Amino acid sequence: MNADLIIARGLRKVYPGRSENDAPTLALEAFDLRVAEHEVACIVGPSGCGKTTLLNLIAGFEKPSEGELTMRGKPVGGPGPERSVVFQQPALFPWLNVWDNVTLGPRMRGVDGNKLAAATERVLANIGLEGFKLHFPYQLSGGMRQRVQIARVLVASPDVILMDEPFGSLDAQTRIIMHEVLLRLWAEYKPTIFFITHDVEEALILGDHVYVMSRRPGRLKAKIEVPFPRPRGYELIGDPGFAALRSKVVGMLREEWETK
Amino acid sequence: MTRIATLRWISFGSVVALVTVWSIVSWLDLARPDALPSPLKLVHTFVAMIGEGYGGSPLLKHVGMSVMRALSGFLAAVVLGVPFGILIGRHPVLSAAVAPIIGFFRPIPPIAFLTLFVFYFGIGEASKIGLIFMAAFWYVVLNCADGVRAVPELLIRAAENAGLSKRQLFFHIIIPASMPSIMTALRAASAISWTLVVASELLGAQAGLGFIILDAAQYFNIPATFIGIILIGSIGLMWELALSYVQRHVLHWQGR
């Protein structure tokens with residue numbers, strides 16, 4: 001097994017109430033997590049369980065109220081390109097074309113132009129955006145916009161890719177295509193991926209581990225190994241082992257919905 | 001494309017219809033001819049005014065004076081108002097400090113300050129341009145501030161995540177993302193500037209389109225008054241069209 005990349009110990013996150021009558025919200029409590037290098041870690045949990053809070057903490061958009069959160073042994077600070085996020089909504093800059101959207105961060109950080117251009121060409125070709133370099137976001141479909149976000153993240157060559165239900169707003173067919181794209185890209189670049197979803201099937205197709213969260217305040221309920229060999233494809237869904245694992249995870253989530 | 005072409009023809013047709021009805025009304029003497037001159041009479045008056053000028057100055061000078069005043073006030077409002085608005089949009093403290101002042105002055109029709117401005121700045125250009133500037137300035141400031149505040153948090157997070165510095169975030173994200181509001185501000189400010197130039201010329205101007213209207217009406221020279229009004233309308237329309245052309249180019253990425 002690879003070395004741990006991200007470690008969370010006893011994470012706690014409280015959001016203060018907006019007024020005196022508004023009680024504070026405890027989003028995460030005593031949350032422990034270990035994500036290994038090159039792992040695809042899929043986090044599932046009932047809605048409102050603090051999945052996105054967890055991602056925001058790792059991304060550095062928010063700070064934990066208590067606990068320890070480290071990457072490569074160093075405390076996680078503010079947002080940065082080493083922890084690149086693929087947002088649920090296509091967070092593209094509408095005034096920039098695809099090429100400029102993908103290269104903005106590295107250009108601003110002063111990455112060598114020739115190297116950047118070569119890397120960008122390669123990623124865009126890999127992700128099926130070759131003919132769209134000069135397109136603007138408004139000219140792209142939802143699936144294509146998410147491809148641009150993923151391309152942007154790959155070009156940044158981060159230590160971890162944080163994905164917050166990136167395919168949640170796509171139609172079922174496009175979602176399957178995007179799963180295949182992501183599986184193919186992982187095989188090529190082997191990035192560490194931290195993937196939040198509410199879709200158990202998606203988690204089992206993509207993940208090395210599925211991390212099941214409890215209802216709010218979110219804790220880690222179980223870490224389940226996904227044993228199916230890579231490269232994976234969609235035929236995996238027909239596998240009896242897949243169905244069994246799926247009902248196991250759904251059963252765990254059901255316990256969380258039902259014990260109110 | 002055909003639909004747009006059809007709509008253009010409809011717009012053109014309505015202008016033709018208006019002029020036709022107007023001609024019929026004056027030919028049939030449905031209105032007093034001294035109150036509503038016929039379109040043909042206005043064409044003659046216009047040609048005459050091009051040749052002879054008005055009130056001792058060439059027509060072009062009148063147009064030039066009005067445009068100069070409006071443009072000076074407008075440009076000053078843009079040059080100072082855009083940065084100030086962006087600053088306010090970014091800094092809640094500054095915004096809180098300025099909000100009550102803007103809130104008080106904004107509902108007052110700018111023309112209410114005209115006499116005061118003449119008292120402070122004299123009867124010359126300064127009071128006129130100052131009035132135009134003041135009215136346009138608040139519009140620019142408010143629109144730009146709103147635009148900056150409305151930049152989606154998602155884009156700011158995406159930029160921070162991409163590793164942009166505070167300065168890069170400002171120039172490469174906040175400014176372009178606010179561009180639609182800035183363009184709206186420019187259009188509103190230009191309309192206000194042009195409206196106010198006429199009003200400001202009603203007091204103590206020796207040249208300008210507002211001067212023509214006031215002066216001609218005082219001598220019951222109704223055709224010349226109409227020419228003044230039509231010129232104001234036409235120039236305002238051309239200005240508006242030019243700005244919307246610029247806006248479409250600057251904001252081409254909105255895909256409209």
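**Cavities, a pocket and the A–B contact**

Guide: Helix 5 of chain A contributes the most residues, three, to the lining of the second largest cavity. The model is predicted.

Visitor: What makes the second largest cavity a cavity?

Guide: A cavity is space where a 1.4 Å probe fits but cannot get out. This one passes that test, with a volume of about 40 Å³. Its lining is A:I150, A:L154, A:I161, A:M163, A:L182, A:L185, A:W186, A:P191 and A:I193. Helix 4, strand 7 (160-164) and helix 5 (172-189) of chain A each give two or more of the lining residues.

Visitor: How do you know whether that lining is polar or nonpolar?

Guide: Sort the residues by type. Ile, Leu, Met, Trp and Pro count as nonpolar. The lining therefore divides into nine nonpolar, no polar and no charged residues.

Visitor: How many cavities does the rule count?

Guide: Three, with a cut-off of 30 Å³ or more. Helix 2 of chain A has the largest share, five residues. The lining splits into 10 nonpolar, four polar and two charged residues.

Visitor: Why is the largest pocket called a pocket?

Guide: Because a pocket is an open set of points, whereas a probe in a cavity cannot get out. The largest pocket has a volume of about 240 Å³. Helix 1 (2-27), helix 2 (39-52) and helix 10 (222-250) of chain B each give two or more residues to its lining. Among the lining residues are B:W22, B:F46 and B:I230. The lining has 10 nonpolar residues, no polar and no charged.

Visitor: What makes A:E62 and B:R157 a salt bridge?

Guide: The rule asks for a side-chain nitrogen of Lys or Arg within 4 Å of a carboxyl oxygen of Asp or Glu. Here N to O is 3.9 Å, so the pair qualifies. The rule finds one salt bridge across the interface. It also finds four residue pairs in polar contact there. On the side of chain B that touches chain A, helix 7 gives the most, seven residues.

Visitor: How much area is buried between chain B and chain A?

Guide: About 1800 Å², with 71% from carbon and sulfur atoms. In chain B, B:R157, B:N161 and B:W253 lose the most area to chain A, together 36% of what that side buries. The contact takes 19 residues from chain B and 23 from chain A.

Definitions and conventions. Residues are numbered from 1 along each chain as its sequence is written. Chains are lettered from A and ligands numbered from 1 in the order in which they are written. This is a predicted model: local features need pLDDT of at least 70, side-chain atom pairs count only at pLDDT 80 or more; totals for chains, interfaces and linings use all residues. Side-chain values use heavy atoms; hydrogens and water are left out. On a 1 Å grid over the protein atoms alone, a cavity is a set of points where a 1.4 Å probe fits but cannot get out, and a pocket is an open set with protein on both sides within 12 Å along at least five of seven lines; lining residues have an atom within 4 Å of a point. Grid points are joined across faces, edges and corners, and a volume is the space filled by probe spheres set on the points. Helices (H or I, at least four residues) and strands (E, at least two) are DSSP runs, numbered from the N terminus. Contact means heavy atoms within 4.5 Å. Buried area is the accessible area (1.4 Å probe) that two parts lose on being put together, summed over both. A polar contact is a pair of N or O atoms within 3.5 Å; within protein, one must be able to donate a hydrogen and the other to accept it, and residues adjacent in sequence count only if both atoms are side-chain atoms.
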